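Look over the sequence and the model below.

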Amino acid sequence: MLRFLNHSFKKAVVLLTLLTGYGHAQCTTRRCLAEMLIKKEYLSQPQTENCTQNIFVKFLEYQTLSVDTKSLLLISRLRATLEWTDPDLAWNTSVYQFNEVILPVSKIWSPELHVTNGITTEMSHSSPDLLANSKGTVIHSVIINAQVICEVNLFNYPFASDKCPVAIQGWSRMGCGTNLVFGELKTVIASSGEWETGNATLERKRSDRNFILVPLSIKSTQPFITLVLPSILIVIADAVSFALPLGGGERNGFKVTLVLSFTMSLIILNDELPGDGECSPIIRFHFCCCLVILVVSMLWSMVMTRLSAEGRFGLFRRSKGPVSGNAGGGNAKEDEEVKAEVGVDVLGGVKEDGQILKKVVNFLEAIDGKTRESDRNQRFASKLDHIFFWFYLNSGIATLPTSNSVMVALTFSVLHRMF
């Protein structure tokens, strides 16, 4: 019996020695240690007594990719360096003499970040691997692309500026989940089309509501040159067209061309104009004023042309009398002409010369009367046209600078959507 126990003890010692030696030989490299941690298959969140895991966002980089002015969408990119502690991934450095190992991100649990006020959010890993140290601390980087509905105050467009919140959270339900603790925030200052991004700041609404407040402002040079300046120049050209004469149709044709050109340009630029949002851009009022000014000027020029030519504003000609009366007068006139011819035949050449001279005088007097009437109509129309020109000029000087000053100076605050 004693001999059997002694033999069994020797076999156990040998087996234990072999297993121990094999274990040390198996994990003499970082890769061996990484494979040992992978085989644990800890794919669930580390769960402590309070059911909450702190995630330290050591570094957060924000960048505005573009701003859709028409749909009021902010398209942004965030790059975050995360750090958390998983006690089950710790090891004893006296046994495994390595402080860090590289693990595939798909084999262990990693947190997910969401932009809660975004209509689309896509999180991707910046690398398929992450770094774990002997104390169970894990470091990893993620990239988030999000589209956020940003109700930017566009009342002052193209001189608008506002701040847009981008809410970034981890998963949390009923007191369990992840709690984000933020560190450094860096803003990539870059131009995104006609928009510029200022220095973003981290804000907190509640203990579980963190957001990045992004200042946005429009580079006003391009929209001012392409939208506001052409409308002002068209109105100036319309004002200068009052130097053209009323007669001949040159002025009316020019003004009709300006109105049609401005209308077509508004139709083409409709896709470029910003959306309404809570405050409709005042640039729409500016365009409306310009169009009304051009149309009123065109109609006035047409009426003045009619007044200059015929001396009246009416659209229909007045009747000159009943047809029967005219017919009777015509017959009487014919009788008189017949009698005159008979008289000429009777009295001879002297009377004929007197009748011809009288007809010539009557003809010249009629022409002179029409000329005086035409001159009087033209002077009256020209006087009214000059009065309207000064009224038009003063109205334009008062309206256009006022609307542009309001675009620059007057501001309204917009209550952004809660999240």
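## How helices cross

A crossing is left-handed if the near helix is turned anticlockwise from the far one by less than a right angle, and right-handed if clockwise. Helices (H or I, at least four residues) and strands (E, at least two) are DSSP runs, numbered from the N terminus. With those terms, helix 4 passes helix 5 in a left-handed crossing.

This is a predicted model: local features need pLDDT of at least 70, and side-chain atom pairs count only at pLDDT 80 or more, while totals for chains, interfaces and linings use all residues. Residues are numbered from 1 along each chain as its sequence is written, and side-chain values use heavy atoms, leaving out hydrogens and water.

## The chain as a whole

The protein chain has seven helices and 14 strands. Buried residues (under 20% relative accessible area; exposed is over 50%, partly exposed in between; 1.4 Å probe, protein chains only) make up 33% of its 419 residues. The chain exposes about 25,300 Å², an area from the Shrake-Rupley method with a 1.4 Å probe. Carbon and sulfur atoms supply 60% of that area.

Contact means heavy atoms within 4.5 Å. Take the contacts in the protein chain with a separation of 6 or more: residues 24 or more positions apart account for 73% of them.

## Helix 4 against helix 5

Helix 4 covers residues 250-269. Its angle with helix 5 is about 160°, and the two axes are 9 Å apart. Axes are lines fitted to C-alpha atoms, for helices over the stretch in contact, and angles run from 0 to 180 degrees between N-to-C directions. Angles under 35 degrees count as roughly parallel, over 145 as roughly antiparallel, 65 to 115 as roughly perpendicular and the rest as oblique. Helix 4 and helix 5 are therefore roughly antiparallel.

Which residues meet here? Helix 4 brings residues including Val 256, Val 259 and Phe 262, and helix 5 brings residues including Leu 291, Leu 294 and Met 298. By class, this contact has 12 nonpolar, five polar and two charged residues. Ala, Val, Leu, Ile, Met, Phe, Trp, Tyr, Cys and Pro count as nonpolar, Asp, Glu, Lys and Arg as charged, and the others, Gly among them, as polar.

## Helix 3 against helix 5

Helix 3 (residues 221-240) packs on helix 5 (residues 283-310) at an angle of about 20°, with axes 10 Å apart. The pair is therefore roughly parallel. Helix 3 also passes helix 5 in a left-handed crossing.

The contact of helix 3 with helix 5 has 10 nonpolar, three polar and one charged residues.

## Two positive phi angles

Most residues other than glycine have a negative phi. Glu 41 has a positive phi, near 55°. Glu 41 lies in the loop between helix 2 (30-38) and strand 1 (52-68). Leu 72 has a positive phi near 55°, in the loop between strand 1 and strand 2 (73-85).

Is each residue buried or exposed? Glu 41 is exposed, at 60% relative accessible area. Leu 72 is buried, at 14%.

Ser 141 sits in strand 7 (residues 137-149). Ser 141 is buried, at 17% relative accessibility. Leaving aside neighbours within four places in sequence, Ser 141 is in contact with Ala 80, Thr 81, His 125 and Ser 126.

Asp 271 is in the loop between helix 4 and helix 5, and is exposed at 57% relative accessibility. Asp 271 and Lys 70 are 201 residues apart in sequence, yet 7.6 Å apart in space, C-alpha to C-alpha.
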